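I opened my notebook to look up a few things in this structure.

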Amino acid sequence: MSYLRKFSGLLFFISALAHADCNVSNAASWSSCLGGTPSGGTISLIADISCTGTSCCGPSQSALGQISGKSNITVLGNGHSISRIGLESVSCNALQISSSSNIKVSDLAFKEDANVLRCDINGSNCPTASTIRADQSSQVTLQKVSVFDAPHYAVTYNGVNGITIDQSAFDNAGVLGVLAGPAVGNVYQVSANINITNSVFTNTGANALVLHATNTSHVTSNVFLNNHREGKYRQCESENKKFMCNGGQILVYGVNDLNEKLNIFEVVDSLDTTIDHNIIGDGYCRNCEQDNPRDDLKSVWPIEVGKYTALTNQSAVVKNLTITDNIIYNHAGSAVMKNSGSIADTLVIANNTLSGLARIKTNSAGQTETVPGVVFYVPQAPNQPDRCTSAAMQVPGANLSRCTATSWGYSGQGNVLSLPPRLTHSGLADWKVYRLGGAYHHEARYRNEDPGYSLEWVFQLPLRPNPKLAGYGIVYRCFSGTYPDDDFITNLSQCENSGGKLDSVLGFSVNASDANATPVYRCRNGADHFVSYNAQCEGVNFEKLIGYSLPASYTP
């Protein structure tokens, strides 16, 4: 029977290839298949693809692969990757979709060259191409698609109606992760009906996700970690000083810009956005303190609302924005920040779990200090007091009260805010996780989380999604619902339906075949869960293999 099963599997594989209208094995066939397959066709990758220099673009710096004026095209990546190496690869898209409908790309990794030109620290000399770009199309789906090391933007949508991103990952984009915005012409054609679910956004230079004048967007059950870490978008200016812009991991705003084609000022609102059940963690901008005259040093906000403008009568409105049931932690900033001069109409912030939020500012003596976090923050014009609130807002920002938060604890409108920020590891490529021994074992994200607990050992999990593993290899930390002091690590964001409470993401598992990969097991001794390198769980109960870590030595 085993031979029959193997033979049947081979037949299925051969059958899948036979039904493809065009098979891709190199960069040239990627270009010819996308360009030559007619509507209704299927394109299948049968090998990993790698190209170097000018071979990574089409003629005259056009996209390497283009789907134009077609419908019902399916691109099957089959777990393969497209790697572009060399400076020239950043000047064109790897995939461009234009004037097309019902396009689906699945199970494919795009790997750009992390060593090519990226934006300067001041946001200048940026590459211009996105890895994936879609223009004036409809029903474009990316499923299990990953983009690594995009020099500029990972994915750009312009005037696309029907955007689906599911089970995908975007890591280390130079400027923006995913941008959904309008197509500019005689009129702005907005992007609408957007669903972004079950995806991972990590280590972006600026915003991981930008919803720019979109209509009907749902951002649900995603993970956002360590984005806007460099402020690489544009320089801000205040009091005649330029500095790196602070910003949000997620940005929602409208259009209030000059339409250069018609030479008129356009205002387009952002409508009907829901951001719910996401994990948004570890916000800290390592460059944003440079000559910054404002009181938001290094701040990264989980969610940024509106675009700064000095002319409120020309401000686009962010209307019907609901932010609910998210887990937000470890930010040098408040949970939601609305930019000065922008307008938010019907903004609901409710039932979010918040921890470790704070503002890092300069006091009157010129010293840096940490101020307890707030749920909602609005910076004002120079020489005016800041205003913020810990309550859910359902009115425009002009009605906000003065800041009154004086402690870490706050509960209101279902938003629970507690614990000081834990920023000791922000910006590191690999995270240390500390196994601490005491009344219970803890797998802590910093050494002194539990004073009095002894350090037993340390391991590291990279902060980089792993496309070869289910769920990109995320390792979560949960606390038990029955024993509140007992934490346990898991691969499931629902804490294994145990009634436990999700605390944070510890990192991502490496592959078993990677150099120095070490298995990590979850063990249990009575009510105490702990992790171990020992497959026999040090003589107590074995529960499961969590994944593979990198060994790390502890230096006192």
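I call a residue buried when its relative accessible area is under 20%, exposed when over 50%, and partly exposed in between, with a 1.4 Å probe and protein chains only. By that rule C523, at 0% relative accessibility, counts as buried.

Ground rules come next. I am reading a predicted model, where local features need pLDDT of at least 70, side-chain atom pairs count only at pLDDT 80 or more, and totals for chains, interfaces and linings use all residues. Residues are numbered from 1 along each chain as its sequence is written, and side-chain values use heavy atoms, with hydrogens and water left out.

**Entry: the whole chain**

I looked up the secondary structure and found 2 helices and 45 strands. Both are DSSP runs numbered from the N terminus: helices are H or I with at least four residues, strands are E with at least two. The chain has 556 residues, and 55% of them are buried.

I then checked contacts, meaning heavy atoms within 4.5 Å. Of the contacts with a separation of 6 or more, 69% are between residues 24 or more positions apart. The accessible surface is about 22,600 Å², and carbon and sulfur atoms hold 49% of that. The area comes from the Shrake-Rupley method with a 1.4 Å probe.

**Entry: disulfides**

How many disulfides does a search of the whole structure find? I got 5. The test is a pair of cysteine sulfur atoms within 2.5 Å. Such a link is a covalent bond between the sulfur atoms of two cysteines.

**Entry: C22 and C33**

These two are joined with 1.9 Å from S to S. The link is left-handed, with -70° about the S-S bond. C33 is buried at 0% relative accessibility.

**Entry: C478 and C495**

Here the S to S distance is 2.1 Å. I read -90° about the S-S bond, a left-handed link. C478 sits in strand 40 (residues 474-479), and C495 in the loop between strand 41 (487-490) and strand 42 (501-508), so parts 17 residues apart in sequence are tied together. Buried or exposed? C478 is buried at 0%, and C495 is buried at 1%.

**Entry: C523 and C537**

The sulfur atoms are 2.1 Å apart. This link is left-handed too, at -75°. C523 lies in strand 43 (residues 518-525) and C537 in the loop between strand 44 (528-532) and strand 45 (541-551), so the tie spans 14 residues in sequence. C537 is buried, at 0%.
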